[in-house]
There are 4 protein chains.
Amino acid sequence: MAHDMNTSEGVGRTGIWLIGARGSVSATVISGLLALRAGLVESTGLVTERAPFDAAPLPTWDELVIGGHDIVDTALEKRVEQLSEAGLVPASVLRSITEGLREVETDIRCGYHPTLHTGSQAEAAETLIGDLVDFRGRHDLRRVVVINLASTEPPVPLVDAHQDLSALEQALADPTRAVLPASSLAAYAALRAGCPFVDFTPSTGITLPALRELAALKGLPYAGSDGKTGETLLRTVLAPMFTARALKVRSWAGTNLLGGGDGATLADPEFAASKLESKARGLAALLGDDVTAPLHIDNVPHMGDVKTAWDHVAFDGFLGAKMTLQLTWTGYDSSLAAPLVLDLARLTAAAHATGRSGPLGELAFFFKSPLGNEEHRFAEQARELADWIQTLRTDLGGTADTDAVVSE
Amino acid sequence: MAHDMNTSEGVGRTGIWLIGARGSVSATVISGLLALRAGLVESTGLVTERAPFDAAPLPTWDELVIGGHDIVDTALEKRVEQLSEAGLVPASVLRSITEGLREVETDIRCGYHPTLHTGSQAEAAETLIGDLVDFRGRHDLRRVVVINLASTEPPVPLVDAHQDLSALEQALADPTRAVLPASSLAAYAALRAGCPFVDFTPSTGITLPALRELAALKGLPYAGSDGKTGETLLRTVLAPMFTARALKVRSWAGTNLLGGGDGATLADPEFAASKLESKARGLAALLGDDVTAPLHIDNVPHMGDVKTAWDHVAFDGFLGAKMTLQLTWTGYDSSLAAPLVLDLARLTAAAHATGRSGPLGELAFFFKSPLGNEEHRFAEQARELADWIQTLRTDLGGTADTDAVVSE
Amino acid sequence: MAHDMNTSEGVGRTGIWLIGARGSVSATVISGLLALRAGLVESTGLVTERAPFDAAPLPTWDELVIGGHDIVDTALEKRVEQLSEAGLVPASVLRSITEGLREVETDIRCGYHPTLHTGSQAEAAETLIGDLVDFRGRHDLRRVVVINLASTEPPVPLVDAHQDLSALEQALADPTRAVLPASSLAAYAALRAGCPFVDFTPSTGITLPALRELAALKGLPYAGSDGKTGETLLRTVLAPMFTARALKVRSWAGTNLLGGGDGATLADPEFAASKLESKARGLAALLGDDVTAPLHIDNVPHMGDVKTAWDHVAFDGFLGAKMTLQLTWTGYDSSLAAPLVLDLARLTAAAHATGRSGPLGELAFFFKSPLGNEEHRFAEQARELADWIQTLRTDLGGTADTDAVVSE
Amino acid sequence: MAHDMNTSEGVGRTGIWLIGARGSVSATVISGLLALRAGLVESTGLVTERAPFDAAPLPTWDELVIGGHDIVDTALEKRVEQLSEAGLVPASVLRSITEGLREVETDIRCGYHPTLHTGSQAEAAETLIGDLVDFRGRHDLRRVVVINLASTEPPVPLVDAHQDLSALEQALADPTRAVLPASSLAAYAALRAGCPFVDFTPSTGITLPALRELAALKGLPYAGSDGKTGETLLRTVLAPMFTARALKVRSWAGTNLLGGGDGATLADPEFAASKLESKARGLAALLGDDVTAPLHIDNVPHMGDVKTAWDHVAFDGFLGAKMTLQLTWTGYDSSLAAPLVLDLARLTAAAHATGRSGPLGELAFFFKSPLGNEEHRFAEQARELADWIQTLRTDLGGTADTDAVVSE
């Protein structure tokens, strides 16, 4: 695999490998990319299409190629039809992208799930790595960004084998153990294949010390975790307002109603724990620990992909006056998430092209639990992101592409 | 009137002269200052009591003295009792500040109102100026900040005499004309008396070219206009979120329910026009002109000082998906406004002490229609304000106080 | 035109003649009837399909035939496609009813509008009557119920010619006058053609004394006015709760956001006046006159057929405690209205079949401003309707059909 | 204890014995009764003060005497001061009722709590009975209505001793068992003392078969359970609307935020279970079992006596169109409950005076889980109550008072 070192063409042909490639968010990402490529839709929701990001030489829609892993086998086309009935993909778009969906379908491989797999996790990882290398080769891609969009997993207790890479690899080789949750095995495979990794879910993923060690070793960037698309987005916008105005928030209660696969997964308290922890951490970081903050996620199957969040904020003002703010946010979860996935793919690819490695804290703007950054305030995150794109742009404007992929 | 040039003591004894001194906001400002001075309440809502503002040598609670103009004669104590019944002033505070309220009462003078006054506006201005000079002298104040908290006036058509100072003063001398609305006559008097002027209302106030000319001539700072306390505060926080995330806002509808004197005034469409214009300008500045933005202010006498605002935002996401955000904000108008008035008094006094003049654009953080600043995004305004306080602090730390008052 | 007098077959073949037949509500009525006939959809929203109404021998879906007047010429099929894109008509239904829509299309005639017509209103009425008689004859219908679904008109001042039938007919013959608004001319033509008339809008329609006189003369029933589908429905359900619990409602504020043709029409204050009056009357009837009740209708074109209403109720409880209730209702206006139109057609046809004439006050359940009934409380209206259907059922069970049509 | 049989004086002097007499609801009941007696407040919230109830010869405010049990010893006056600070009792009322509160204080006795008591429950019951008999005698009362307002208990598993009276009394005598929860021991004592019992809480109370048997034996009426004051009140008003309009409710989610003692108690999932079950039963009774209905009760201490409930209803309309209704109810829990307690005391006393016994199903209007009535629809309940008061009134108008008390 040889790339010329010239970046006059920008970041170049880039693969996006979606873990959970047949889910609602993935199907919306894929439909959206096809529609954008065909000029059928506007760039609403895409941060990288507006100033100052649009001035950076990010991969164009034509340069992005999608593949992925999934453990179910619903045809992509079928899934997109469901999204169309639910109001997420216009009927006119659906008619025009059928061919494109079938092409992407050919790049979706069976993913890893502990209940489906026999043999050691090391063997399973080899298969995943093979899929990635094959995808990169077949499509002549300069790099592949792996993005986790699979169902949220329950939190996983840290064990010794998670603490360093050699212990981890020893455990992976043991056919009697399943030391990594699926999200972390996906991250391991991505890194081993020389691919940057982005976790859009609150699952364990790349957060284990052993995997961070591997990323450092390979000089690969990564980002996460848990895409910030709705209630938490609002919280990171509004909580700083209360602080800036010296208003004392006393309680911030939230209820989330959602259906779809996400609703079903999060209806299980064990699985919801990851999401609830991720949400709670942010609020405490913004307002301190003494805010009463009950939080619920309820599965309402009938709502399908619609997600409704109600927040109730009680705060004290001058002389102790008691006041409240209520919010109701109603959106399509996949519509909110999908453009951010495309943005993250482009930005992470650019970071990789310029040789950045480790956690991309400047991408905190996109996440509920930003890796490599303690900043939760949305406006500050937006500014950090804008500043970062300027440095990326400068780096990409040069003649030499550090192109980490070739070092694999 | 002689002041030493030494600022080792900070900004020093400062007067706050309230136009509309017997209204709800003023009564809350006065009660609050007395309670703060006595250590009865926390500093909730006061921006200048938190970092980084608390590090600047602003006037202490003990150094602030309040007086003002009003055209009604309800006893201040009576007004504060009403506020207490409505839940704005705790009963325990009320019991402790009675004496203080009576003292402030002695510094309230009859204000100007066209229907109450005979003779030229120049003569009326002389009386107002006399009140200010007398107040400053009696209390040995280094400066007096005049703050307009009177009822909102209807918009005033610009006439020739508003365009330059000499034309204005000629018109003021004409006993058959009332060329200035009350808010602008108050601003004129303040400037003539060497006092900085802050307009917390959307009335005409200091915005006329002739008055800006006078402020420049006198080297005086001013700030305004229209305190940002509720619905607009939220809008300037949330609208930038939609922009940063490339979400397309299609409509932003608002309904405000309020009682009290403010409700009664704004129930008159002519008077409400100023407020509605002020609110609409901000939204257009943040989101552009093509957002459908119906806006209503309804008088609901029964609600008293409680103000409830409902906002409904309809926006498009990726692939045109239609989504909404709803907000309900319920607060006590006077509780939200009062601490900002104290903040503005302190900061404007400090600006004056350091010799700043003209519109204080850095105070945009506090206003719906900021003078001297086009920035409406709340987080940016907060940053500008924090930056500014650092420069003020540096300036105040020196030994020479430019102390504009003495140059009068 | 000869009908046998035997009702063993029930009410029999019935025409529904829609004024405004190409509008959103009509298109939903027509699509719905076709889908019901084909068994494609459930009977959600149809009151006459549930107990005790389903036991009455009302016209079946196969016995209902639709035609109508409109002044625009958008193809019905086109309009239904728009509704489908907006989420009101499932794509699967749309595909199955195309043929049916084309058939209905052949029964839509050009309606009356003052700006489109030359000659006297009497001549215009003759054309309308001819359309109705022709429709009834061609389809061999036992009766035709005329239902007004056209855009809301502004309120019309009462003139002498509205007061009695002979004065009215004299004025109609005068080619220089347009004494009746379009809704009333439609009612006049309906009555002259021997058809019951239902007004689903707040327009003047049949409410003029001269037209009521005509209905009495012809022995025809009529019903109205202004379909109760959303905010007012909730109000007539909730206001009686406050009364029953002796809670004192102090204010009931409302804001309605809607797009579509209805939004555009009601954006004009003159046109909205009819609707606002209709809504306000109901609240006063339920709670008395001393409730502050600001009410707004805002046109938000982007929202299309979605209608969102926000209501804020402030009430006093025991010892004067201040409390609030807020409601947000989000629905598709046409989806809410359409089944009621089918219900009204069936019930009015049955009333006609049993020889009832005059205002059908028992249909108050369906209307904001019920004709012939002062009862606004929803639960009471529901009971009156249920009682009425029992008497209708008894009457329809007999052997003789009074069948007013044949007496024409 | 001798009563004349003449009811020309109406129901006569009546005691109200409150279990939990020092809690917020009780304190509001007591304050309210004192204020009503003194003519200080209006009768807002009192159903028995409006037609048709006001025409019945119910006990007057002067004829009602309050006493009660509690296990804490906070002075009543102190508790009312707290309520006043929270906005439930006007300061002017507080000043006027101090004397009255002290009088009631003398009639509050220490109640039963398993952790405070040694000896058998039979002995404990004797003490409670003694308190009731003493109260009735000292104040020369014709009857005493016992009303449970104590903190909600967790659900209790049914045991054999609950099934019949003799088994129960055997178990009560056993000093090693605590067979009854406190609410049921209170009910037992009330019945033994010849007092009607009303349960305003969802605790076990009188619902055990053995206690119902005792009530029948003693010819005593009882009512319950779980006062319907907020969210459930709205649900029983709104759910019938959806049914009457044939709209298909798919989900009805609810979140309740509350502070105060009630919030603290219900924060414990075990205790909240009773309340959640009580709420859920009603919704299923109204809409069927296939409605997704997540429900949460969150303790937000800062909110004090304010209770905010958010309900989100998703429903289908014609052609399957998806629509929603949202509600936010904000009220003072004690203000909503207290007048109902006074209403229930008066009505239950009247029922007792006319000799009614067993569950008073006609009082379903007041309860979430009505005893003796399956009807949950509010409007129907209101009608049943109005019909019942007519029969009571007829019975009370006669000359003979069956006066069950004397039969003790």
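The model is predicted, and local features were considered only at pLDDT of at least 70, side-chain atom pairs only at pLDDT 80 or more, while totals for chains, interfaces and linings use all residues. Residues are numbered from 1 along each chain as its sequence is written, and chains are lettered from A, and ligands numbered from 1, in the order in which they are written.

Contacts between residues were assigned where the C-beta atoms, placed from the backbone, lie within 7 Å. By this criterion, 49 residues of chain D are in contact with 48 residues of chain C. Helices (H or I, at least four residues) and strands (E, at least two) are DSSP runs, numbered from the N terminus. At least two residues each are supplied to the side of chain D that touches chain C by α1 (24-37), α8 (231-244), β10 (322-332), α11 (333-353) and α12 (378-397) of chain D. The largest share, 10 residues, comes from β10(D). By class, this side of chain D divides into 30 nonpolar, 14 polar and five charged residues; here Ala, Val, Leu, Ile, Met, Phe, Trp, Tyr, Cys and Pro count as nonpolar, Asp, Glu, Lys and Arg as charged, and the others, Gly among them, as polar. Because 98% of the interface residues of chain D are also interface residues in chain C, the copies meet through the same surface.

In the pair of chains A and B, 49 residues of chain A are in contact with 49 residues of chain B. The side of chain A that touches chain B takes its largest share, 10 residues, from β10(A), and has 30 nonpolar, 14 polar and five charged residues. For chain A, 100% of the interface residues are also interface residues in chain B, so the copies meet through the same surface.

Strand β10 (residues 322-332) of chain C and β10(D) run antiparallel and are joined by seven bridges. T324(C) has T330(D) as its bridge partner, and L325(C) stands opposite W329(D).

Within chain D, 11 bridges join strand β9 (residues 306-316) to β10(D), and the two run antiparallel. F315(D) is placed opposite M323(D) in this pairing. The hairpin of β9(D) and β10(D) has five residues between the strands, and L319(D) in it takes a positive phi near 60 degrees. A residue is called buried if 20 or more other C-beta atoms lie within 10 Å of its own, exposed if 12 or fewer, and partly exposed in between, with C-beta atoms placed from the backbone. Of the 11 residues of β10(D), 10 are buried.

Helix α1 (residues 24-37) of chain A has 14 residues and reaches 20 Å from its first C-alpha to its last, close to the expected 20 Å, a span defined as 1.5 Å times one less than the number of residues. Since 13 of its 14 residues are buried, α1(A) is largely enclosed by the rest of the structure. Just after α1(A), G39(A) has a positive phi of about 70 degrees.

A nonpolar core is a set of buried Ala, Val, Leu, Ile, Met, Phe, Trp, Tyr and Cys residues joined through C-beta atoms within 7 Å. The largest such core has 546 residues, and those with the most contacts inside it are I147(A), I147(B) and I147(D). Beyond its neighbours within four places in sequence, I147(D) is in contact with residues including W17(D), F200(D) and L344(D).

F242(B) lies in helix α8 (residues 231-244) of chain B and counts as partly exposed, with 19 C-beta neighbours inside 10 Å. Apart from neighbours within four places in sequence, F242(B) is in contact with L247(B), V249(B) and F315(B).

Note on methods: Contact = placed C-beta atoms within 7 Å. Pairing = 2+ DSSP bridges.
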